[in-house]
2 protein chains.
Amino acid sequence: MPEVFDLKKAGENAKSASYVLQSLSREKKDAALTAVADALVANADRIIETNGRDLEAAKAAGTSPAMLDRLMLDKQRIEAMALSIRQVCGLEDPIGEVLEKIERPNGLRIEKVRVPMGVIGIIYESRPNVTSDAFSLCFKTGNAVILRGGSDAIGSNTVLVDIIREALEKVDITPDAVQLVTDTSREVAKEMMRLSGLIDLLIPRGGAGLIRSVVENSTIPVIETGTGNCHIYVDEDADIDMAVNIIFNAKTQRMGVCNAAESLLIHEKIAADAIPAICKSLKAKDIEIRADKKAFTLVPGSASDMKTATCEDFATEFLGPVISLAIVSDVDEAIAHVNRYTTHHSDAIITCNPENAEKFLNGVDSACVYVNASTRFTDGFEFGFGAEIGISTQKLHARGPMGLRELTSYKYKVYGSGQTR
Amino acid sequence: MPEVFDLKKAGENAKSASYVLQSLSREKKDAALTAVADALVANADRIIETNGRDLEAAKAAGTSPAMLDRLMLDKQRIEAMALSIRQVCGLEDPIGEVLEKIERPNGLRIEKVRVPMGVIGIIYESRPNVTSDAFSLCFKTGNAVILRGGSDAIGSNTVLVDIIREALEKVDITPDAVQLVTDTSREVAKEMMRLSGLIDLLIPRGGAGLIRSVVENSTIPVIETGTGNCHIYVDEDADIDMAVNIIFNAKTQRMGVCNAAESLLIHEKIAADAIPAICKSLKAKDIEIRADKKAFTLVPGSASDMKTATCEDFATEFLGPVISLAIVSDVDEAIAHVNRYTTHHSDAIITCNPENAEKFLNGVDSACVYVNASTRFTDGFEFGFGAEIGISTQKLHARGPMGLRELTSYKYKVYGSGQTR
């Protein structure tokens, strides 16, 4: 590891590599990915040993058991990482796809062709499997990638990237297809966010604080990912059993994820029936419900089941055993509430009324809007993309689950025979 | 005009308006655009009078004749603005288009549907016709727009936006579909660049300095537009007459525009024949050629026709009667040179060799890459889009000429029947 990490040099190396990677055939890329998957499994002991040192350091620093678990790699998890890479081999290569052909009256023939982004920077926290996942998705789409993981996983990430680079070299592919920023200081991260001209796209993956910092500081195009204050609106015409099921699933199936439900909106006419059933179901998982005043009025005796919500609760992504609840008087009020508080990730309506469903689907300004299904389906695999690099909550370029295609751009190839204007 | 411009309020108004605009039918939008076009023509005198005051102030401030001409509005130009709007009426409405349908094994039905961006901010310089153009394109695509023009055109822009808003109100459409930032201070411009959550996309239109400032300061997704250091590479196997014609057109047809050629690359084997012909042709328009040393060696006697280039010349978008020239030894060196100096706008190869053409088209990392045609064709109208809001030089979201579709995003509408994970 060099004493001073030369980020500009890394950017230049990545840019050079990207010009080679963009024209690799699918066969060559898949063969290289297979070699990388094999190498990870073959080097499992080496990975586990280094990961053990990261774990010890993290334990000594008082890291929580949940975070330690996220950091930990064992044989099974390494095999899962390799399997993920092998699955990426099985996916279509989107590069080179002709998206559109235009013939102009002057004889110009224009082809809009899918090309790689070039160099993608990924800034992420904790989980070392992001290292191999991000590499495989960027590589499959002909992009070079610069990875900047968290300091707690620096040893694990370094050995993973070393193994990937060694495997690439063995199959005659430039190892600069992937580089790790080994200096995990904030200064270098900020420098990375301003490497315009060398990095074409920056994707932050992690908590709200990390994402905000990247959005604030980057001069490179960014895709915001992953904060999800997801709503479920139970309409006047909802099937209450279905609502209870979906809410239970969306809130409790996995609480720390971005597509988990964080806020309930209940139509005032159904509140007296729906709220007790919802309370009973969520109580089984010790979920605290924070409700507005109207809920207590509409459901006498609910004071023992719910706490009083503050305004802030409605804007909070709890990522834990808490959910907010507000009463609304119609679907329009529900839509207005969602658009005020949503992070534009995933929101759902439960209703048997197709008109209200369509109103909600069209009116709510989020990446994924559901009728009668759990918000937990917002996921590249659940959508059938076969992969996922993150979930975009912005509207530029990609929205919702991002698979391979979302890591690409396009160019216009124009064929002439001497045309001038 | 209020004493202190309340930008946050403008953003909130735009956001509210965007929720109404997103569901307007094409018929309603086209009727409103027609009303706006009619109103501009009907109010021509009022516009010309205010524009006259802008012109007087600009003259007093010592503004150049070229800039005064850009600022000036007369009856003919106002009619041209109205005609542009009428042409936008004739274009297909992209909103609501179903881009993809996915059926999942669990019965979920997913529709990827084209939707507006929401609120678009446009920061631009000088030409008041951008005011009506930007409004019409944003409006047609169901977006609200916040315009921030230059201080020299503030009177003209204010009256134009007033007329548009009056016309919208008359046809019962929220006038907040368009708002003008009437405080043209830099502070308010910077505030606008940080209005995350209210503005969804920022498009700067103007010189390199303006664009850099937006990219540096914005926390909102930006599309970089319009700087063009465009190259023309004359290959070993080029038709010299065609090369001369294309170079003459690309350099001289309009010199101040982003798709004009700024740099020539000549294969060493064709230099002795090509360079004298190019010099002769460009001399007719008094174009200064700044060449590298090799050019002088390969073409004896050319010292009277060319000046010596500095390294900086190859990185310069002259936007005037100057062009740089470098000798390369093959198409690979040409591609490497372009990728080093290009602003990723438009670059061309002149060749009869299809293999070299394809190599150049694939290897050059620019929005539009041409074989045997002028770079001047990079334009929304020339591409057949029927409109243009700018030319993107970044890879995220949109690349090259941006028409109506490039002002849209998408959402996923997911139809379930009680599915949980």
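Me: What percentage of the 421 residues of chain A count as buried?
Reply: The model is a predicted one. A residue is taken as buried when 20 or more other C-beta atoms lie within 10 Å of its own. Among the 421 residues of chain A, the share that counts as buried is 54%.

Me: How does the radius of gyration of chain A stand against the globule rule, and what is its value?
Reply: Chain A holds 15 helices and 16 strands, and its C-alpha trace spans about 70 × 70 × 35 Å along the principal axes. For 421 residues the globule rule gives 22 Å, and the chain comes close to this, so it is as compact as a globular protein of that length. The radius of gyration of chain A is 24 Å.

Me: What share of the contacts in chain A with a separation of 6 or more is made by residues 24 or more positions apart?
Reply: Contacts here are pairs whose C-beta atoms lie within 7 Å. Taking those in chain A with a separation of 6 or more, residues 24 or more positions apart account for 72%.

Me: Which element gives the largest share of the side of chain A that touches chain B?
Reply: The contact takes 56 residues from chain A and 56 residues from chain B. On the side of chain A, at least two residues each come from α9, α10, α15, β13 and β16, and the residues of this side divide into 24 nonpolar, 22 polar and ten charged. The largest share, eleven residues, is supplied by β16(A).

Me: Which residue of β13(B) is the bridge partner of Lys413(A)?
Reply: β16(A) pairs with β13(B), residues 368-373, in the parallel sense, and five bridges join the two strands. Within β13(B), the partner of Lys413(A) is Val369(B).

Me: Which strands stand at the edges of the open sheet of ten strands?
Reply: The order is β1(A)-β2(A)-β16(A)-β13(B)-β12(B)-β7(B)-β8(B)-β11(B)-β9(B)-β10(B), with mixed pairing. Neighbouring strands are turned by 25 degrees against each other on average, direction ignored. Two strands have a single partner each, so one side of each is left without a neighbour in the sheet: β1(A) and β10(B).

Me: At what angle to β11(B) does helix α13(B) run?
Reply: In this part of the sheet, β7(B) and β8(B) run parallel and are joined by five bridges, with Val234(B) partnered by Ile266(B) in β8(B). Helix α13(B), residues 331-341, lies across β7, β8, β11 and β12 of chain B. Its direction relative to β11(B) is about 140 degrees.

Me: Which are the edge strands of the open sheet of four strands in chain B?
Reply: This sheet has the order β5-β4-β3-β6 and parallel pairing, and its twist averages 20 degrees from one strand to the next. Five bridges join β3(B) to β4(B), where Gly121(B) stands opposite Ile146(B). The strands that pair on one side only are β5(B) and β6(B).

Me: Which helix touches β3 and β6 of chain B, and which lies across β4 and β5?
Reply: The helix across β4 and β5 of chain B, residues 154-170, runs at about 155 degrees to β5(B) and is α7(B). The helix packed on β3 and β6, residues 208-217, makes about 160 degrees with the direction of β6(B) and is α9(B).

Me: Is the crossing of α10(B) and α11(B) left-handed or right-handed?
Reply: The two axes come within 10 Å and cross at roughly 35 degrees. Residues of α10(B) in the contact include Ile247(B) and Phe248(B), and those of α11(B) include Ala277(B) and Ile278(B). By class the contact has nine nonpolar, one polar and two charged residues. The crossing is right-handed.

Me: Are Asp286(B) and Leu319(B) buried, partly exposed or exposed?
Reply: Each has a positive phi of about 55 degrees although neither is a glycine. Asp286(B) lies in the loop between α11 and β9 of chain B, while Leu319(B) lies in the loop between β10 and β11 of chain B. With 16 other C-beta atoms within 10 Å, Leu319(B) is partly exposed; with 8 such atoms, Asp286(B) is exposed.

Definitions and conventions: Residues are numbered from 1 along each chain as its sequence is written. Chains are lettered from A and ligands numbered from 1 in the order in which they are written. This is a predicted model: local features need pLDDT of at least 70, side-chain atom pairs count only at pLDDT 80 or more; totals for chains, interfaces and linings use all residues. Two residues are in contact if their C-beta atoms, placed from the backbone, lie within 7 Å. Ala, Val, Leu, Ile, Met, Phe, Trp, Tyr, Cys and Pro count as nonpolar, Asp, Glu, Lys and Arg as charged, and the others, Gly among them, as polar. Two strands pair if DSSP finds at least two bridges between them. The radius of gyration is taken over C-alpha atoms; the globule rule is 2.2 Å times the number of residues to the power 0.38. A residue is buried if 20 or more other C-beta atoms lie within 10 Å of its own, exposed if 12 or fewer, and partly exposed in between; C-beta atoms are placed from the backbone. Axes are lines fitted to C-alpha atoms, for helices over the stretch in contact, and angles run from 0 to 180 degrees between N-to-C directions. A crossing is left-handed if the near helix is turned anticlockwise from the far one by less than a right angle, and right-handed if clockwise.
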